[in-house]
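Thanks for coming. I will walk through one structure today, and you can follow along on the screen.

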Amino acid sequence: MDVPHIDTGAIAELGTQVATSGALRLMESVTDQIFEFTIAVVVIVQGTCAN
Amino acid sequence: MRELTPATAFAAAGPGADALAATAVAMFARTEWLDALFDPLIAELATDPWFAPPLRVSRDALRAGAILFEDARVAIALSRVAADRLAALPPPASAIFSGRMTVTRYLRAGGARLRRWSAPPVPAILQSHRMGQARPLPDLDLIDGLTLQVDGRHEATALTGATGDVVMLTATVRVDADPVTREYDANTGEFLRMATNDEGAARAQVLLSLLRAGRAADAEGCFDRATRDAAFFLRWSAMREWLVHDPGAACGRLHEMTCDPHPDVRAAAAATLAALIRKAA
């Protein structure tokens, strides 16, 4: 089968969502928030450069 | 006599959450280890106001704290909740079940009251409709020196009504923890949402997005491995990224995931496969 390109929006979401941010963490390390922020910036920059 | 420190105490503790919590309770009944930790830091500050104690600190809208000890099994933090900040906040809208055992000694109770809730244990299959309801428990008036063990796998607490600052020593046990932290409506008991306690799975999810955005040419193995992870949400997140990255390479694994152990992953895989087939037709 020749598999067509698919956009993220067309891919089904899970019926049960599990957050990955530190929003519910209690007195836990905040380093993951910095990590996620850094990755998010890289993703945006790479997406911008590719266009 | 061996000096009591968190490292020596927990090194001698049994492996499970109950044993580690019992060790924390016993430690918190003694203060010489706290004095040994803070006396030199206070002495340093007395001579050098710019001295930065070598402790990891964290702050949020409500509390400020420092990590006093941390290893793979347990973390001990000293924290202060400012009474004026607590008073400025509305009553807690949600009850948070951390999924972990904690032991807290209220060094200064600040006249606070503890609201409490109970909830059923985390179900074997993580689905929202299986999470049950949270129920309120009687409030607890805090007093100075009170030590309280809370099993975050089925108990939640929230501070309220403090007239003075609350200073707490808290041990958080990481072993035998639930895979998720759960949040329920504080008034209705309705389940609201959950967040993973698995930092590795959370990071992997973010890194897979990076692989996809970076159009990494040799990422197929990473996506494939992640679609077989123990965390169901990571399995599907990896497949979503893989499908956008290289739908041809992902399709075979997508078909396999229509038989995934988690019903939500099976349903999402089946729906996505059907959409791809329709699009290809």
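This is a predicted model: local features need pLDDT of at least 70, side-chain atom pairs count only at pLDDT 80 or more; totals for chains, interfaces and linings use all residues.

Asp139(B) has a partner. It forms a salt bridge with Arg113(B), and the closest N and O atoms are 3.0 Å apart. Arg113(B) is also in the partly exposed class, at 32% relative accessibility. Asp139(B) sits in strand S7 of chain B, residues 135-141, while Arg113(B) sits in strand S6, residues 113-118, so the bridge ties together parts that are 26 residues apart in sequence. For those new to this, side chains of opposite charge can pair when their charged atoms come close.

How many salt bridges are there over all chains? A search of the whole structure gives 13. One of them joins Arg153(B) and Asp151(B), at 2.8 Å from N to O. Asp151(B) is buried, with a relative accessible area of 11%. Another joins Arg228(B) and Asp224(B), at 3.0 Å. Here Arg228(B) is partly exposed at 47%, and Asp224(B) is partly exposed at 22%. This pair belongs to a network: salt bridges with shared partners link Asp224(B), Arg228(B), Arg253(B) and Glu256(B).

Now chain B as a whole. It has 281 residues, of which 48% count as buried. There are nine helices and 12 strands in chain B. Its C-alpha atoms fill a box of roughly 75 × 45 × 40 Å along the principal axes. Of the contacts in chain B with a separation of 6 or more, 67% are between residues 24 or more positions apart.

Next, the nonpolar cores. The largest has 46 residues, and those with the most contacts inside it are Phe97(B), Phe233(B), Trp236(B), Met239(B), Leu243(B) and Leu254(B). Helix H7 of chain B, residues 232-245, supplies the largest share of this core, with nine residues. Take Leu254(B) as an example. Setting aside neighbours within four places in sequence, its contacts include Trp236(B), Met239(B) and Leu243(B), and also Ala269(B) and Leu273(B). A second, separate core has 22 residues, among them Phe69(B), Val74(B), Ile76(B) and Ala171(B).

Where is Thr104(B)? It lies in strand S5 of chain B, residues 101-108. Thr104(B) is buried, because its relative accessible area of 9% is under 20%. Its side chain makes a polar contact of 3.5 Å with the side chain of Thr170(B). Not counting residues up to four places away in sequence, Thr104(B) also touches Leu146(B), Thr147(B), Leu148(B), Met168(B) and Leu169(B).

Last, the interface. In it, 34 residues of chain A are in contact with 51 residues of chain B. The two chains bury about 3,900 Å² between them, and 67% of that is on carbon and sulfur atoms. The rule finds one salt bridge across the interface of chain A and chain B. Which side chains form it? They are those of Glu13(A) and Arg240(B), at 3.8 Å from N to O. Nine residue pairs are in polar contact across the interface of chain A and chain B, both at pLDDT 80 or more. The side of chain A that touches chain B has 17 nonpolar, 10 polar and seven charged residues.

Technical notes:
Residues are numbered from 1 along each chain as its sequence is written. Chains are lettered from A and ligands numbered from 1 in the order in which they are written. Side-chain values use heavy atoms; hydrogens and water are left out. Contact means heavy atoms within 4.5 Å. Buried area is the accessible area (1.4 Å probe) that two parts lose on being put together, summed over both. A salt bridge is a side-chain nitrogen of Lys or Arg within 4 Å of a carboxyl oxygen of Asp or Glu. A polar contact is a pair of N or O atoms within 3.5 Å; within protein, one must be able to donate a hydrogen and the other to accept it, and residues adjacent in sequence count only if both atoms are side-chain atoms. Ala, Val, Leu, Ile, Met, Phe, Trp, Tyr, Cys and Pro count as nonpolar, Asp, Glu, Lys and Arg as charged, and the others, Gly among them, as polar. A nonpolar core is a set of buried Ala, Val, Leu, Ile, Met, Phe, Trp, Tyr and Cys residues joined through side-chain atoms within 4.5 Å. Buried means under 20% relative accessible area, exposed over 50%, partly exposed in between (1.4 Å probe, protein chains only). Helices (H or I, at least four residues) and strands (E, at least two) are DSSP runs, numbered from the N terminus.
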